[in-house]
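Hi there,

Here is the structure I promised to pass on to you. Have a look at it first, and then read my notes below.

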Amino acid sequence: MIARLLNTIAITASVVVAGLVFFMVVARYALEWSIVGIDELALISAMWLYMVGGIIASRRAEHLVVDFLPQQLTSPFLLRLHQRVVALIMVATTMFFIYLAWRMMSFAIKRPQTTPGLGLPELIPLSSLALASIGCFAYAMRDLITGRACHNPKEEGDK
């Protein structure tokens, strides 16, 4: 259910970003219109797309990895140890990401700010950062517990 929700948000945000950017180009260059706030909506949609995309990549373990070391390890024990270390680093990194997102959200709550064109609360794009930090942390914990922190090229050959 969570995966479907994330996929729906990503697809919706992709369509909105592409549609708004296309509209901005046509409006500015073909019609010579400049509509206030369209770029803000495109930017907010892009932030949601990127953050939800990060969560989806973490869920699928399809994020960018450097797999030189796992390819060189011949011992299954060392390979599992390497994956746990990678997962531990990701847990620590995402905990820092949560802390930073929390700081930004608390600042935005104490000193509310809005976008200049449409007056949208800054909490809207910041909430995508909070969601991404929590989602990526959850998947990093999953990887730490299961020991499958990253792509293992040797597992594909075993199947």
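What share of the 159 residues in the protein is buried? Buried residues make up 30% of them. Here, buried means under 20% relative accessible area, exposed means over 50%, and partly exposed is in between (1.4 Å probe, protein chains only).

Before the details, a word on where the values come from. This is a predicted model, in which local features need pLDDT of at least 70 and side-chain atom pairs count only at pLDDT 80 or more, while totals for chains, interfaces and linings use all residues. Residues are numbered from 1 along each chain as its sequence is written, and side-chain values use heavy atoms, with hydrogens and water left out.

**The overall build**

The protein has six helices and zero strands. Reading from the N terminus, the elements run α-α-α-α-α-α. Helices (H or I, at least four residues) and strands (E, at least two) are DSSP runs, numbered from the N terminus.

**Two helix pairs**

Two packed helices are described by the angle between their axes and the distance between the axes. The axes are lines fitted to C-alpha atoms, for helices over the stretch in contact, and the angles run from 0 to 180 degrees between N-to-C directions.

Take helix α1 (residues 2–30) and helix α2 (residues 38–60) to begin with: they pack at an angle of about 150 degrees, with their axes 8 Å apart. α1 passes α2 in a left-handed crossing. A crossing is called left-handed if the near helix is turned anticlockwise from the far one by less than a right angle, and right-handed if clockwise. In the contact of α1 with α2 there are 20 nonpolar, three polar and three charged residues. For these classes, Ala, Val, Leu, Ile, Met, Phe, Trp, Tyr, Cys and Pro count as nonpolar, Asp, Glu, Lys and Arg as charged, and the others, Gly among them, as polar.

Now look at helix α4 (residues 76–110) and helix α5 (residues 123–146), which pack at an angle of about 160 degrees with their axes 8 Å apart. That makes α4 roughly antiparallel to α5 (angles under 35 degrees count as roughly parallel, over 145 as roughly antiparallel, 65 to 115 as roughly perpendicular and the rest as oblique). α4 passes α5 in a left-handed crossing, and their contact has 24 nonpolar, four polar and two charged residues.

Leu 88 is found in helix α4 and is exposed, with a relative accessible area of 51%. Leu 88 and Ala 140 are 52 residues apart in sequence, but their C-alpha atoms are 7.7 Å apart in space.

Most residues other than glycine have a negative phi. Glu 32 is not a glycine, yet it has a positive phi of about 55 degrees. Glu 32 is also exposed, with a relative accessible area of 71%.

Tyr 99 and Trp 102 form a tilted pair, at 6.4 Å centre to centre and 35 degrees between the planes. Both lie in helix α4, three residues apart, which is about one turn of the helix. Tyr 99 is partly exposed at 38% relative accessible area, and Trp 102 is exposed at 54%. Ring pairs link Phe 96, Tyr 99 and Trp 102 into a cluster.

**The salt bridge**

Side chains of opposite charge can pair when their charged atoms come close. The structure holds one salt bridge, meaning a side-chain nitrogen of Lys or Arg within 4 Å of a carboxyl oxygen of Asp or Glu. The partners are Arg 142 and Asp 143, at 2.9 Å from N to O. Arg 142 is partly exposed at 29% relative accessibility, whereas Asp 143 is buried at 7%. Asp 143 has its place in helix α5. Asp 143 and Ser 58 are 85 residues apart in sequence and 9.4 Å apart in space, C-alpha to C-alpha.

Happy exploring!

Technical notes:
Rings of Phe, Tyr and Trp (its six-membered ring) pair if their centres lie within 6.5 Å; planes under 30 degrees apart count as stacked, over 60 as edge-to-face and the rest as tilted.
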